[in-house]
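This report covers helix packing, aromatic pairs and the surroundings of selected residues. The sequence and the model come first.

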Amino acid sequence: MKKIRGTKPGGTHVTGPGGLGVEDFARWYRERTLEQWDRLDLKALAKVATVIERAQAAGRFVWVCGNGGSAASAAHVGCDFGKTASRPGAKPLKCLSLSDNTAFMTAIGNDLSFDETFSRQLENVVAKDDVVILISGSGNSGNLVAAAKLARARGAKVVSLLGFDGGKLKALSDEILLIPSDQYGIIEDLHMSVAHILTFYLKQRR
């Protein structure tokens, strides 16, 4: 298995071997995806699940952040954890995405800086024993690093879904689930699969 190097937001990354027809490219992509399924760290997944379960049991909030495609994943997670994971008679999982409020995000980016996109929102809402989930391919986005630092300072738990080598967020998180790939599509696919595993695990518990 090749060594996966880190990257930075907007950096060049692997797209594929090049020159393949769509069927051969699909086979290549499937093989690379299956490699990541085989390497999925189930013990790390269990630790992430435990953090979320404890937050739910204590009535704490789960805040989710991401940029670009991971912003869409954050919105998806907020929906799934808040609605799909619910069970009749059980405590709700209080989960919201901080990638959804366009007015607030653009105000922060315009008036302060893009690096404060999430930390400034968290200043208003995050509390001790809340959970902040950060979704990032590179693990090096400035606004997610700032969010992690603020969350930790407030006594919240930081959980990160990462790719490549984990980047800066690896050391700033209480729990991580790393997809050690250098192909963004595969990283994002596995992040959403992990989110779906957690969603339906939470729903099927007794």
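Trp 63 is buried, at 6% relative accessible area; buried means under 20%, exposed over 50% and partly exposed in between, with a 1.4 Å probe and protein chains only. The model is a predicted one, in which local features need pLDDT of at least 70 and side-chain atom pairs count only at pLDDT 80 or more, while totals for chains, interfaces and linings use all residues. Residues are numbered from 1 along each chain as its sequence is written, and side-chain values use heavy atoms, with hydrogens and water left out.

**Aromatic residues**

Rings of Phe, Tyr and Trp (its six-membered ring) pair if their centres lie within 6.5 Å; planes under 30 degrees apart count as stacked, over 60 as edge-to-face and the rest as tilted. The partner of Trp 63 is Phe 61, and the two rings are stacked, with 5.0 Å from centre to centre and 15° between the planes. Phe 61 is partly exposed, with a relative accessibility of 30%. Elsewhere, Phe 25, Trp 28 and Tyr 29 make up one aromatic cluster.

Helices (H or I, at least four residues) are DSSP runs, numbered from the N terminus. Axes are lines fitted to C-alpha atoms over the stretch in contact, and angles run from 0 to 180 degrees between N-to-C directions.

H1 (residues 22-39) packs with H8 (residues 184-204) at about 45°, the axes being 10 Å apart. H1 is therefore oblique to H8; angles under 35 degrees count as roughly parallel, over 145 as roughly antiparallel, 65 to 115 as roughly perpendicular and the rest as oblique. The crossing of H1 and H8 is right-handed, a term used if the near helix is turned clockwise from the far one by less than a right angle. Contact means heavy atoms within 4.5 Å. From H1, the residues involved are Tyr 29, Arg 32, Thr 33, Gln 36 and Trp 37, which meet Gly 185, Ile 186, Asp 189, Leu 190, Ser 193 and Ile 197 of H8. This contact has 5 nonpolar, 4 polar and 2 charged residues, where Ala, Val, Leu, Ile, Met, Phe, Trp, Tyr, Cys and Pro count as nonpolar, Asp, Glu, Lys and Arg as charged, and the others, Gly among them, as polar.

H2 (residues 42-58) also packs with H8, at an angle of about 50° and with 11 Å between the axes. H2 is therefore oblique to H8, and their crossing is right-handed. On the H2 side the contact involves Leu 45, Val 48, Ala 49, Ile 52, Glu 53 and Gln 56, and on the H8 side Val 194, Ile 197, Leu 198, Tyr 201 and Leu 202. By class these are 9 nonpolar, 1 polar and 1 charged.

**Single residues**

Ile 197 of H8 touches Trp 37 and Leu 45, not counting residues up to four places away in sequence. With the same exclusion, Ser 119, in helix H5 (residues 119-125), is in contact with Ala 146, Ala 147 and Leu 150. Leu 34 lies in H1, and its C-alpha is 10.0 Å from that of Leu 190, 156 residues away in sequence.

| Residue | Relative accessibility | Class |
|---|---|---|
| Ile 197 | 32% | partly exposed |
| Ser 119 | 8% | buried |
| Leu 34 | 47% | partly exposed |

Terms used. Helix = DSSP H or I, 4+ residues; strand = E, 2+ residues; numbered from the N terminus.
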